[in-house]
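Here is a set of questions and answers for a reader who is new to this structure. Each answer ends on the value or name asked for.

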Amino acid sequence: MIDPPDRPVPEPVRLQLSGADSGSAMGTLPGLYAGKHWHTQHTDAPYRYRYGAAGDHRLSLRRSQMTGFLRGNIPPSEDYVVQWIDAGESVVDVHGEPIPQALHQPLLFPPDRDFVFTFADYDQRLVHLDRDLVHDVAAEQYDVDDRDLRFDHRQPPSHDAVLRWRRALATASSTLRDAELGSLAWHEVTRQTAAAFLALYPPILSEPLPPALLLPKNARLRRAVDHLHANPHLPMTVADVAAVADLSIRALQDSFQRVFDTTPMAYLRDVRLTRVRDELLQLDPAATTVAEVARRWGFTHLGRFSGLYLARYGEYPKDTLRR
């Protein structure tokens, strides 16, 4: 009889932080999210904060409470983070697009873009899900292969998906109390919670990567391509991409030409065009314009942008927005 392979021992996550002064809050809370430019201050009630977390590196359940005001910047993280507030006020702002949060309604932290948050006198719940876990579960439900997963944090989850999410979290919470992190029960719970997350925010799949990119000889090119897909919102030069891939600029350009028959910057432009189209299909035409979305993704010459969009998708961007 062959014994099944041992599962890796999960890395436990256990945190309990609390205090009653703003200095200690700023000494601990920003580091939990690689935060920048965080600021906190008193409101009408006496200042206090509390932060707790339990789980492992794949799934952790967290709670953050503060009687006070908190504002700061959070960059993309290694986890997908879904949060909601049971009391207080919350606004998540992605480059001038504020999203006020209703009580008890889940909201995904923007996975691939930095954002600014504002919280006041809040009681917040957070769920951290490891990206590799989510991708692994997504591979069982979708034709993922090696494609990137993207999620639209602005899309409100359906009522049924929210109910499924809450049931999954209730099971995860009880299992966390009753079972060990390395147990089969916890293993199954982490995957069930990831599946509920995928129902909450159905993924947008990128185009399949060419088989040549999976060859060992193209590992550095794959690193460059992954960087372009993960960071199209950032200012970028050929030199930046070459540095990520540990290639010379000439070698990077030759590799893109050989595998994709294009240049690195043209490839990045196509990735950004895809993101523009995703947003145009999701946004309300009464609340946004093509020009706003195009500029957000670096297309400042609207006439040239419309021509590129038409050539790729066979329709003008204004027609996509009106769908």
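Q: How many Å does helix 8 reach from its first C-alpha to its last?
A: The model is a predicted one. Helix 8 has 19 residues, and at 1.5 Å a residue the expected reach is 27 Å. The reach in the model is close to that, at 28 Å.

Q: How many of the residues of helix 8 are buried?
A: A residue counts as buried when its relative accessible area is under 20%. Helix 8 is mostly covered by that cut-off, and of its 19 residues the number buried is 14.

Q: At about what angle do helix 5 and helix 8 pack?
A: Helix 5 covers residues 219-230 and helix 8 covers residues 264-282. Their axes lie 9 Å apart. Helix 5 passes helix 8 in a right-handed crossing. The angle between the two is about 35 degrees.

Q: Which residues of helix 8 make the contact with helix 5?
A: On the side of helix 5, the contact is made by Val225, Leu228 and His229. The residues of this contact divide into six nonpolar, one polar and one charged. On the side of helix 8, the residues are Pro264, Tyr267, Leu268, Val271 and Arg275.

Q: How many bridges join strand 3 to strand 4?
A: Strand 3 spans residues 48-56, and a hairpin through two residues joins strand 3 to strand 4.

Q: Which residue of strand 4 is the bridge partner of threonine 40?
A: Strand 2, residues 36-41, runs antiparallel to strand 4. Four bridges join these two strands. In strand 4, the partner of threonine 40 is leucine 70.

Q: Over how many bridges do strand 4 and strand 8 pair?
A: Strand 8 covers residues 115-130 and pairs with strand 4 in the antiparallel sense. Leucine 59 stands opposite leucine 129 in strand 8, and arginine 71 stands opposite threonine 118. The count of bridges between strand 4 and strand 8 is 14.

Q: Which residue of strand 8 stands opposite isoleucine 85?
A: Strand 5, residues 79-94, runs antiparallel to strand 8 and is joined to it by 13 bridges. Strand 8 is mostly covered, with twelve of its 16 residues buried. The residue of strand 8 opposite isoleucine 85 is glutamine 124.

Q: Is glycine 68 buried or exposed?
A: Glycine 68 is found in strand 4, a strand in which twelve of 16 residues are buried. Leaving aside neighbours within four places in sequence, glycine 68 is in contact with Gln41, Thr43, Tyr47, Phe119, Ala120 and Asp121. Its relative accessible area is 0%, so glycine 68 is buried.

Q: How many Å separate the C-alpha atoms of glycine 68 and lysine 217?
A: Along the chain, glycine 68 and lysine 217 are 149 residues apart.

Q: What is the relative accessible area of threonine 67?
A: Threonine 67 lies in strand 4. Not counting residues up to four places away in sequence, threonine 67 touches Thr43, Ala45, Pro46, Tyr47, Arg48 and Asp121. Threonine 67 counts as buried because its relative accessible area is 13%.

Q: Is histidine 233 buried or exposed?
A: Histidine 233 is found in the loop between helix 5 and helix 6. Beyond residues up to four places away in sequence, histidine 233 touches Asp112, Arg113 and Trp297. With a relative accessible area of 16%, and the cut-off at under 20%, histidine 233 is therefore buried.

Q: About how many degrees is the phi of histidine 104?
A: Most residues other than glycine have a negative phi. Histidine 104 is found in the loop between strand 6 and strand 7, and counts as partly exposed at 39% relative accessibility. Although histidine 104 is not a glycine, its phi is positive, at about 70 degrees.

Q: Where is alanine 34 placed?
A: Phi of alanine 34 is near 50 degrees, a positive value in a residue other than glycine. The place of alanine 34 is the loop between helix 1 and strand 2.

Methods:
Residues are numbered from 1 along each chain as its sequence is written. This is a predicted model: local features need pLDDT of at least 70, side-chain atom pairs count only at pLDDT 80 or more; totals for chains, interfaces and linings use all residues. Side-chain values use heavy atoms; hydrogens and water are left out. Buried means under 20% relative accessible area, exposed over 50%, partly exposed in between (1.4 Å probe, protein chains only). Two strands pair if DSSP finds at least two bridges between them. Axes are lines fitted to C-alpha atoms, for helices over the stretch in contact, and angles run from 0 to 180 degrees between N-to-C directions. A crossing is left-handed if the near helix is turned anticlockwise from the far one by less than a right angle, and right-handed if clockwise. Contact means heavy atoms within 4.5 Å. Ala, Val, Leu, Ile, Met, Phe, Trp, Tyr, Cys and Pro count as nonpolar, Asp, Glu, Lys and Arg as charged, and the others, Gly among them, as polar. The expected span of a helix is 1.5 Å times one less than its number of residues.
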